[in-house]
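I opened this structure for the first time today. These are my notes, in the order I looked things up.

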Amino acid sequence: MSLQDLFAAASTLGGPSSVPRLRDVLLSLQPLLLRVNPGTAAEMVGLRHSSIAAHFRSRQSPHIEENELWLLVDVELALERQEELLEHLDECTPCLELLARVERLKRLFARAGGDRAPQGLHERIRAGVFRMATGQAGMELGEQQESQRPRT
């Protein structure tokens, strides 16, 4: 769940009186919790402890597919679907863990120069798909293997 939702819920129960104080409590509960984007406005908190998480998972809908999490991170989903996924992430630790991995990969891609494909890759993929669709891929592979065999 989002840190703001957790703060609102904790406040109604007499919990920490500020978000920084809530973060201190979360830090002390680190073995039980999974935190994504800690210390930021986008921080989300999930349950790491297996028995607690299992209880919540038993009430869950199916997990989110990784490709949909990439769309969520890239803000490429319809607002309604985005809200559905965020609601699911509020209670699903495995999906929250997968989201954390996706966000880590995205940051790594950005540090490595972005997540753009190398020039010409789209054309090579398109040509490969065309060859596969027309049955030419197998012939090419066979031709390559034939040319790589030692001659006797």
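I began with a charged pair: the side chains of Arg23 and Glu43 meet in a salt bridge, 2.8 Å from N to O. I was working on a predicted model. I then asked where the two partners sit. Arg23 is in helix H2, and Glu43 is in the loop between E1 and E2. They are 20 residues apart, so I noted that the pair links distant parts of the chain. I also looked up the cover on Arg23. Its relative accessible area is 21%, so Arg23 counts as partly exposed.

Next I stayed with Glu43. Is Glu43 buried or exposed? Its relative accessibility is 1%, so Glu43 counts as buried. I had in mind that buried means under 20% relative accessible area.

I looked for other charged partners of Glu43. Arg35 forms a salt bridge with Glu43, and the closest N and O atoms are 2.6 Å apart. Both Arg35 and Glu43 are buried. The side chains of Glu43 and Arg35 are also listed as a polar contact, at 2.6 Å.

I listed what else Glu43 touches, leaving out residues up to four places away in sequence. The contacts include Met1, Ser2, Leu3 and Leu26. Val36, Asn37 and Pro38 are also among them.

How many salt bridges does a search of the whole structure find? I noted six. One of the pairs I looked up is Glu123 with Arg126, whose side chains meet at 3.2 Å, N to O. Glu123 and Arg126 are three residues apart in helix H7, residues 121-133, so about one helical turn separates them. I wrote down the general rule beside this. An α-helix has 3.6 residues a turn, so residues three or four places apart point the same way. Arg126 counts as exposed because its relative accessibility is 55%.

I stepped back to the whole chain. The chain has eight helices and two strands. From the N terminus, the elements run α-α-β-β-α-α-α-α-α-α. The chain has 152 residues, and buried residues make up 25% of them. I also checked contacts between residues at least 6 apart in sequence. Of these, 49% join residues at least 24 apart.

Then I turned to the nonpolar cores. Which residues of the largest core touch the most other members? I noted Met44, Ile64, Leu69, Leu72, Leu89, Leu96 and Leu99, out of 18 residues in that core. Strand E1 (33-36) and helices H4 (66-73), H5 (79-89) and H6 (93-111) each supply at least two residues. The largest share is six residues, and it comes from H6. A second, separate core has eight residues, including Leu6, Leu26, Leu33 and Val45.

Setting aside residues up to four places away in sequence, Leu89 touches Met1, Met44, Ile64, Leu69, Leu72, Cys95, Leu96 and Leu99.

H4 came next. Its buried residues are Glu68, Leu69, Trp70, Leu72 and Val73. What covers them? The cover includes H5 and H6. Val75 follows H4, and its phi is positive, near 55 degrees.

Beyond residues up to four places away in sequence, Val73 touches Leu99, Val102, Glu103 and Lys106. Val73 and Glu103 are 30 residues apart along the chain, but their C-alpha atoms are separated by 7.0 Å.

The accessible surface of the chain comes to about 10700 Å², and 57% of it belongs to carbon and sulfur atoms. Which residues make a nonpolar surface patch of about 190 Å²? I noted Val25, Leu29 and Leu32. Val25 is found in helix H2, residues 19-28. With 35% relative accessibility, Val25 counts as partly exposed.

Methods. Residues are numbered from 1 along each chain as its sequence is written. This is a predicted model: local features need pLDDT of at least 70, side-chain atom pairs count only at pLDDT 80 or more; totals for chains, interfaces and linings use all residues. Side-chain values use heavy atoms; hydrogens and water are left out. A nonpolar core is a set of buried Ala, Val, Leu, Ile, Met, Phe, Trp, Tyr and Cys residues joined through side-chain atoms within 4.5 Å. Buried means under 20% relative accessible area, exposed over 50%, partly exposed in between (1.4 Å probe, protein chains only). Helices (H or I, at least four residues) and strands (E, at least two) are DSSP runs, numbered from the N terminus. Contact means heavy atoms within 4.5 Å. Accessible areas come from the Shrake-Rupley method with a 1.4 Å probe; for residues, only the protein chains shown count as cover. Patches are made of residues with over 30% relative accessible area and no salt bridge: like charges are joined within 9 Å, nonpolar side chains (Val, Leu, Ile, Met, Phe, Trp, Tyr) within 5 Å. A salt bridge is a side-chain nitrogen of Lys or Arg within 4 Å of a carboxyl oxygen of Asp or Glu. A polar contact is a pair of N or O atoms within 3.5 Å; within protein, one must be able to donate a hydrogen and the other to accept it, and residues adjacent in sequence count only if both atoms are side-chain atoms.
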